[in-house]
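Subject: Structure handover

Hello,

Here is the structure you will be taking over. Please open it first, then read my notes below.

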Amino acid sequence: MDFTLDIIITRDKVKKLSLNEKLVEWGGEKFPLDPPEYISDSNLVFKQFNDLSYYNKLLEEELDKDKYVAFVLRGETLLDLEFLINREGEKISNNKLFEFLEKVIKLDEFFIFLIREDEVVKKTYEISEKEKLANILCNSLNWSTPEDILIKNGE
């Protein structure tokens, strides 16, 4: 379906999610990428997205660039989850992306976007429970009724 998964968290929570900056070696020295990329402990790769103004439009609020950091999921991991959801009888609870998102929703503040190109958020969910997360992801990534969504921390 060509969804992208973007995550916004406070900068002080990057290490709590076990996101480590990816470095490249050249001439015996290690250097960060520009823009930076991060790898989770389950080998998910995220590219840091520095222009928060894009998200300000989607959220209709101003995010403090010194407080928040945005990441875009790279690779085929979201597509793997999408295929898993659309196969009858498959559970997503052991999927590494789902397990990572479970950690994200435990944070005090977060924004998770599932959006296709040239689309806007159609529905916003406020959650803090993994069961709700599973239902929302399954509904949003369902090929019959795809939905561009925002998930954020809730009561």
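Tyr38, Phe46, Phe71 and Phe100 are linked by ring pairs into a cluster. Rings of Phe, Tyr and Trp (its six-membered ring) pair if their centres lie within 6.5 Å; planes under 30 degrees apart count as stacked, over 60 as edge-to-face and the rest as tilted. The structure holds nine aromatic pairs. One of them joins phenylalanine 49 and tyrosine 55: the ring centres are 5.7 Å apart and the planes stand at 85°, so this pair is edge-to-face. Tyrosine 55 also pairs with phenylalanine 113, and that pair is tilted, with 5.3 Å from centre to centre and 35° between the planes. Tyrosine 55 belongs to helix α1 and phenylalanine 113 to strand β8, so the pair ties together parts that are 58 residues apart in sequence.

A word on the source. This is a predicted model: local features need pLDDT of at least 70, side-chain atom pairs count only at pLDDT 80 or more, and totals for chains, interfaces and linings use all residues. Residues are numbered from 1 along each chain as its sequence is written, and side-chain values use heavy atoms, with hydrogens and water left out.

Tyrosine 55 and phenylalanine 113 are both buried. For tyrosine 55 the relative accessibility is 0%. Phenylalanine 49 is partly exposed, at 33%.

Now the overall build. The protein has four helices and 10 strands. Helices (H or I, at least four residues) and strands (E, at least two) are DSSP runs, numbered from the N terminus. The elements run β-β-β-β-β-β-α-β-α-α-β-β-α-β from the N terminus on. The C-alpha trace spans about 50 × 35 × 30 Å along its principal axes. Of the 155 residues, 43% count as buried. Contact means heavy atoms within 4.5 Å. Among contacts with a separation of 6 or more, 68% come from residues 24 or more positions apart.

Next, the sheet. Eight strands form an open sheet with mixed pairing, in the order β2-β5-β6-β7-β1-β8-β10-β9. Its edge strands are β2 (20-21) and β9 (123-127), and each pairs on one side only. Two strands pair if DSSP finds at least two bridges between them. β1 and β8 run antiparallel and are joined by seven bridges. Isoleucine 7 has isoleucine 112 in β8 as its bridge partner.

Strand β8 also holds arginine 116. At 19% relative accessibility, arginine 116 counts as buried. Its side chain makes a polar contact of 2.6 Å with the side chain of aspartate 148. A polar contact is a pair of N or O atoms within 3.5 Å; within protein, one must be able to donate a hydrogen and the other to accept it, and residues adjacent in sequence count only if both atoms are side-chain atoms.

Then helix α3. α3 lies across β1, β6, β7 and β8 and runs at about 30° to β1. Axes are lines fitted to C-alpha atoms, for helices over the stretch in contact, and angles run from 0 to 180 degrees between N-to-C directions. The buried residues of α3 (96-104) are Leu97, Phe98, Phe100, Leu101, Glu102 and Val104. Their packing partners include α2 (77-86) and α4 (130-140). At the start of α3, a side-chain oxygen of asparagine 95 comes within 2.9 Å of the backbone nitrogen of leucine 97.

Which residues does glutamate 102 contact, leaving aside neighbours within four places in sequence? They are Lys130 and Leu133. Glutamate 102 counts as buried, at 14% relative accessibility. Leu133 is one of the buried residues of α4.

Last, a loop. Lysine 65 sits between α1 (53-59) and β7. At 59% relative accessibility, lysine 65 counts as exposed. Lysine 65 touches Arg11 and Leu52, not counting residues up to four places away in sequence. Lysine 65 and arginine 11 are 54 residues apart in sequence, and 9.4 Å apart from C-alpha to C-alpha.

Best wishes

Conventions:
Buried means under 20% relative accessible area, exposed over 50%, partly exposed in between (1.4 Å probe, protein chains only).
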